[in-house]
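Here is a briefing on the model shown below.

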Amino acid sequence: MPQTSMGTATSAAREILTRLHDVMAARTNAQAKLNQVVQIIGEAMHSEVCSIYLLRDGALELYATRGLRQESVHVTKLGLGEGLVGKIAEQVETLNLDEATSHPDFAYKPETGEELYHSFAGVPIVRRERAVGVLAVQHEASRRYAEIEIEALQTVAMVLAELIAGAGLIDDAQAGGSTREAGPQRLTGLKLVEGMGRGHVVFHQPRVHIEHTVAEDTEAERHRVYAAFRQMREQIDRMTNQAEFGVAGEHQDVLNTYKMFAYDEGWGRRINEAIDSGLTAEAAIERVQQRTRMRMREISDPLLADRMHDLEDLSNRLLRIVAGQLGTAAQMGLRQDTILIARNLGPAELLEYDRRRLKGVVLEEGSLTAHVTIVARAMGVPVLGRVRSIRQTVAEGDCLLLDSTQGSVLVRPTPAMEEAFEAKLIVTQKRRAEFAAMRDLPPLTRDGQRITLMVNAGLRDDVAALDVTGADGIGLFRTEFQFLVSATMPQRERQQRLYRDVLDAAGDRPVIFRTVDIGGDKALPYMKGDAEDEREENPAMGWRAIRLALERDALMKVQARALIEAAAGRTLSVMFPMISEPWEFDTAHALFESQRRWMAERSRPGPLAIRYGTMLEVPALAEMLDLLLPKLDFLSIGTNDLTQFLFAADRAHPKLAERYDWLSPAILRFLGRVVRQANAAGVPIGVCGEMGGRVLEAMALIGLGIERLSITPAAIGPVKAMIRSLDVAALRAVMPAWLAEGRADMRACLTEWATAQGVAIG
Ligand code: PEP
Ligand code: MG
């Protein structure tokens, strides 16, 4: 078959597609159609053999052939992975061989008479991301097929998938399985929020299933793609401009790559060519993406693989625009117990999901202190991060067993795996029950030191955690969560109602309200303006938290009044985030006091007292503590931000998620110094970052002199168990020497010490 007889890939595919279109429209039965299809392809490609195998009951059955013996139709069957055809289906990959019989996977089927044919090319027929059959051509002569021939075959295979599904020749439920392997698989990742959950796969950005592949009107399809490109570019530009708020959890470098691809002329041209060959807009986008995927599979460069992810995302976005399927899975609602799959999420996006049905989240990216992780922790939803291949490995509806405590997720588990999971779940529940039984026991160390254990909260429902855990109060109430879950800026009455409800639920236990910490990766879609004008390179270090609040002081005043009114007749504790210099505290303090006066002048009831504190999360503030401490009622260390700034390591950057240890001597020495200063000034000091919710880290903090921890509710039990088995004096006797030596193995030292001392570190 001379290559020239095929012309270009586009015209070759077009010729075949035009004829296939007529076959599909004809009122003949499915078998007759397939018989015609193999003739058409065989003729167009001048190939002696053209065969279609379809997956039925786990085997690939020869359904139609031109060239092989007709007696073998519906007789020849190959298992998944068996022979060349089985391998193509199992691996969802194309084979192009000049000498088929010498391939290690070749399986001889005498009934077909195929020993006559030397060359072989086969492509998978894919539906819903899974191979449902194989289209193969064979030639007597030994030759490798030209790229245009392979491409034409791949395009035809797409159309065949539609024809086959339309004719009911494959079971769509069967096709709803996953990609390469349908069997169970265990994937590992980074534990972001510990816990276990069972549910079915839902993609945060649902996949588009292409129903029509052959175009009726090529020009109309071209216009649909042009319009979708325009819309996608606008979206990307908008996201890049809003990146200061980390919209959709996307990173700036990802957005830059999106932008590069979105404007890439080569990509647009290839889609256009696919449309020229007779495909619909959706099929053309998918066809080009399939081709890129295949090319990239041959290159094992991790950087390129990352870019491939970006292009894959963008291609899906374009598909969703063309298909008019724009919403996230949250907008469609969860219908059953769900494990949500995403590349990354923003905190507001996560909050849109139904908490009762959301049993877990698996992310390809993610980091321990990103706000989406904190929100998930507050929601009690287990999260596993950095599972690189999850979106390729699972399909919508697959069953998943998520055990983020173990850092793993089981995909399509066997009944035995499900049983083991259930058994472990019972053990975990038992442990939780043991912790719950400690609810009323005080967090008292073995040598009699009372540690204050409080919870972090932010959502209305979180206050229930106070009673469940028996915590001493709420050490950090993230008021911005209410702003994040709202479609519009919450007005004073709404804020006040929330604060009052929280105070009512807390009773006489203290609640520390932190004024809004928005910006960074906490996006407020309704708060535009400055954000659009000035794109930020480093949003975490940008216009956020107190910086934004002092400039937008109307927002801060409204919040101050809401808090003051809500706390009428009680003590109000207010804390300011991201204070970097003492004057910022002074200004915020003055603003609150002015609001208090304003209300008092109008005889509105106010709090008995206001206690003012600040977060210590910007290292510069530590240098100014001698000046600031005398003005404070309390100080709370936000280790999430503090450590990202100490190490100059973005807290949300997936690649840095595990790089620096909270137990590094640099962090511990820094914290130790701050604790000594606060103690000397007689100012209560605590930790409210995620670090305090980890058992070993909490022990180290106590060893440094910290006596107040505000942590995620789920950590109260394990941390209390640790505290009750700890001899603080003994720990404080050993830690200074380790820190003085600057030991790089602090984690190992502390673990060894705790184990030897019988401290319950889990
Ligand atoms: C912190 O930075 O440690 C902190 C508690 O605040 P947030 O995580 O909300 O930034
Ligand atoms: Mg912070």
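**A buried glutamine, and the wider picture**

Gln235 is buried, with a relative accessible area of 16%. Buried means under 20% relative accessible area, exposed means over 50%, and partly exposed lies in between (1.4 Å probe, protein chains only). This is a predicted model: local features need pLDDT of at least 70, side-chain atom pairs count only at pLDDT 80 or more, and totals for chains, interfaces and linings use all residues. Residues are numbered from 1 along each chain as its sequence is written, chains are lettered from A and ligands numbered from 1 in the order in which they are written, and side-chain values use heavy atoms, with hydrogens and water left out.

- Gln235 sits in helix 6 (residues 218-241). Helices (H or I, at least four residues) and strands (E, at least two) are DSSP runs, numbered from the N terminus.
- Leaving out residues up to four places away in sequence, Gln235 touches Arg317, Ile321 and Leu326. Contact means heavy atoms within 4.5 Å.
- Asp403 belongs to strand 13 (residues 399-403).
- Asp403 is buried, at a relative accessible area of 8%.
- Beyond its neighbours within four places in sequence, Asp403 contacts Gly195, Met196, Ser408, Phe421 and Lys424.
- Asp403 and Thr338 are 65 residues apart along the chain, and 14 Å separates their C-alpha atoms.

**Strand 16 and its partners**

- Which residues make up strand 16, and how many of them are buried? Strand 16 covers residues 474-478, and five of the five are buried, so the rest of the structure largely encloses this strand.
- Strand 16 pairs with strand 15 (residues 452-457) in the parallel sense, over three bridges. Two strands pair if DSSP finds at least two bridges between them.
- Val455 has Ile474 of strand 16 as its bridge partner.
- Strand 17 (residues 511-514) also runs parallel to strand 16, and three bridges join them.
- Ile474 stands opposite Val511 in strand 17.
- Strand 15, helix 16 (residues 464-469) and strand 16 form a right-handed β-α-β unit. A crossover is right-handed if, with the strands pointing away from the viewer, the path from the first strand over the helix to the second runs clockwise.

**Positive phi in two loops**

- Most residues other than glycine have a negative phi.
- Asp57 has a positive phi, near 50°. Asp57 lies in the loop between strand 1 (49-56) and strand 2 (59-66).
- Asp57 counts as exposed, at 80% relative accessibility.
- Arg412 is not a glycine, yet its phi is positive, at about 45°. Arg412 is in the loop between strand 14 (408-411) and helix 15 (415-437).
- Arg412 counts as buried, at 11% relative accessibility.

**The whole chain**

- The chain holds 30 helices and 22 strands.
- Its C-alpha atoms fill a box of roughly 90 × 55 × 45 Å along the principal axes.
- Of its 762 residues, 57% count as buried.
- Among contacts with a separation of 6 or more, 70% link residues 24 or more positions apart.
- The accessible surface is about 30300 Å², and 51% of that belongs to carbon and sulfur atoms. Areas come from the Shrake-Rupley method with a 1.4 Å probe; for residues, only the protein chains shown count as cover.
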